Number of protein chains: 2
Amino acid sequence: MKRIMNAPGTLVAESLAGFVAAHEDLVAFGGEGRFVRRRALVPGKVALISGGGAGHEPLHCGFIGQGMLDAACTGHVFTSPTPDQILAAMDETDTGAGCLLVVKNYDGDVMNFEMAAEMAAGRHRVEMVVVEDDAASGPSVRSRGRRGVAGTVVVEKILGAAAERGDDLSSLKALGEGLSGRMRSMGVALRGVTVPDNARETFALGPEEMEIGVGIHGEPGLYRARMAGADEIVRLICEPILDQLGPLASARPLLIVNGFGGTPPIELHLAYGLARRYLAGRGVAPARSLVGTFVTSLDMAGLSVTLALLSEAEFALWCAPVATPVLAW
Amino acid sequence: MKRIMNAPGTLVAESLAGFVAAHEDLVAFGGEGRFVRRRALVPGKVALISGGGAGHEPLHCGFIGQGMLDAACTGHVFTSPTPDQILAAMDETDTGAGCLLVVKNYDGDVMNFEMAAEMAAGRHRVEMVVVEDDAASGPSVRSRGRRGVAGTVVVEKILGAAAERGDDLSSLKALGEGLSGRMRSMGVALRGVTVPDNARETFALGPEEMEIGVGIHGEPGLYRARMAGADEIVRLICEPILDQLGPLASARPLLIVNGFGGTPPIELHLAYGLARRYLAGRGVAPARSLVGTFVTSLDMAGLSVTLALLSEAEFALWCAPVATPVLAW
């Protein structure tokens, strides 16, 4: 798989350098380049810090800014950042109200963020929210529970807005944990992804195959199926989401269609329209939507659908002003 | 090439329907579905109308809204909209100050927009600006002159801001025509593009090949080269841009790195960082930048770089507030 890069070993650093240069009005490197931070911190606000492996851009760095994150730590491709990076981010962005760590549910990420929190004991008050929204990896499939995927954007946006208005650390933790059970995502891939370091495709799909229930690190999906029309694809990924979410009493459903990196806008919007129609057939009308490329798996072709059943209060936070490299409203 | 769609014949209509549904706060269908328009028109403002073939999303519909377009007409994939569509858009969005048509320089587009302008004679005052920014298709290569590619976004943004502040039709035309000579783009493809209707790849590249100087409809490039590192790729596409723009006396260079649809953010930001370094080596420092997926060629892998040498006045218009599905600042 060809890729615009100089070498696997410099891909992440060179991409981050470009990202920071492109958005220098909003973000800057912190900790001698070990993380990216908001240029202007807000004294007395809880510091919201996230991070994870590279290869998921614009997550997380694209969501740094007013109303979302204060800092993001990036590891190598599909590899957790180190505790050292995370601690450096806490040291530089904690302005007195403590730090909330937003972590996707993967062993390496959870371990390294936990280790950083332990190292910070006595220096920072720290809480952690683990995002677990993937409908394809429930406890019956995976011992560690659901993976964190595109729903991470929902958690970062809603907690970011709440932190910005002055919510304290324990309220933010409770808010984040409350979201997990009312949010599910599911993805489909039309083409696997090649990790730059080993140049081997993580799973190979034939010209008439697709993979349903994929993760964002080239993990195989729940099952492989014959390539189908978009209506059928959308049904295959939306059905488990709705089935798992159970009774849809929520006032405010939020619908996200997310491209995995190799999928163009024409297909994302088409899938959004069909997802909306499928949801309507099951009695769900999104109160607000987001369509685009937010949580990628390098250049994997495919997309995910996320449905979050927000309360009125959470919905107001979703709609609160935000100014980041990716989201602005 | 697999694609998330139901059928080639419904791809464009279903995608547009999804787009309008996703952004219903800003846009709506006009003329019984023949075009997409700004939901709230501004009486007495020149109507800014653009359009072209589908397959370039988010161009043009993604740039409808305050500070940019009033309407956009979409044809079939890589095919001009019909004069009938364009006339309908004029009829519905001309609020008295006339219509300015922004057209990319392709025979079909220019012909159909010209025909629509003729049909509108006596009903609307109409002017046209033809965008010609592609550095790979100068008059020596192509009888009709340079193709319009990603620089179209620059023209739509700057004319949009000027229309919004009340500039009249002839001033807008002069402003748009003044931009063309100070703006160049050049693209590279790592993988060709398959047109849904015939399922045939427009140009096929081997695993070690890239195509330099490509257009946005699967046109072959200026030449094929052996796949190279990102520094070399960036040099190959930035060098002709700078050479053609000539003396860089401009106060305000604008740099755009645009993905063609199949290129993930990690690669776009990497290319942006390297483009910026290459420009610095030639004495050019961008005053502002834009990195993302704006003008696509379906899911083609690759990207283009655009450099626009703006005057102070044009730069102020670039920075003016904008609220569209894609750009918001």
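Predicted model: local features only at pLDDT ≥ 70, side-chain atom pairs only at ≥ 80, totals over all residues.
Local features need pLDDT of at least 70 and side-chain atom pairs count only at pLDDT 80 or more, while totals for chains, interfaces and linings use all residues; side-chain values use heavy atoms, without hydrogens and water. Residues are numbered from 1 along each chain as its sequence is written, with chains lettered from A and ligands numbered from 1 in the order in which they are written.

Trainee: How many helices and strands does chain A have?
Mentor: Elements are DSSP runs, numbered from the N terminus: helices are H or I with at least four residues, strands are E with at least two. By that count, chain A has eight helices and 12 strands.

Trainee: What is the radius of gyration of chain A?
Mentor: It is taken over C-alpha atoms, and the globule rule is 2.2 Å times the number of residues to the power 0.38. For 329 residues the rule gives 20 Å. Chain A comes close to that, so it is as compact as a globular protein of that length: its value is 19 Å.

Trainee: Which percentage of the residues in chain A is buried?
Mentor: Buried means under 20% relative accessible area, exposed over 50%, partly exposed in between (1.4 Å probe, protein chains only). Chain A has 329 residues, and the buried share is 64%.

Trainee: What area is buried between chain B and chain A?
Mentor: Buried area is the accessible area (1.4 Å probe) that two parts lose on being put together, summed over both. Contact means heavy atoms within 4.5 Å, and 51 residues of chain B are in contact with 52 residues of chain A. Carbon and sulfur atoms give 64% of the buried area, which is about 4,100 Å².

Trainee: Which residues of chain B lose the most area to chain A?
Mentor: Three residues together account for 22% of what that side buries. They are Lys2(B), Ile4(B) and Ile266(B).

Trainee: Where is Leu242(A), and is this residue buried or exposed?
Mentor: Leu242(A) sits in helix α6, residues 230-245. Beyond four places in sequence, its contacts include Tyr278(A), Arg282(A) and Leu307(A). Its relative accessibility is 3%, so Leu242(A) counts as buried.

Trainee: What is the relative accessible area of Ile64(A)?
Mentor: Ile64(A) lies in the loop between β3 (47-54) and β4 (71-77) of chain A. Past its neighbours within four places in sequence, Ile64(A) is in contact with residues including Val27(A), Val36(A), Leu69(A) and Pro325(A). Ile64(A) is buried, at 0%.
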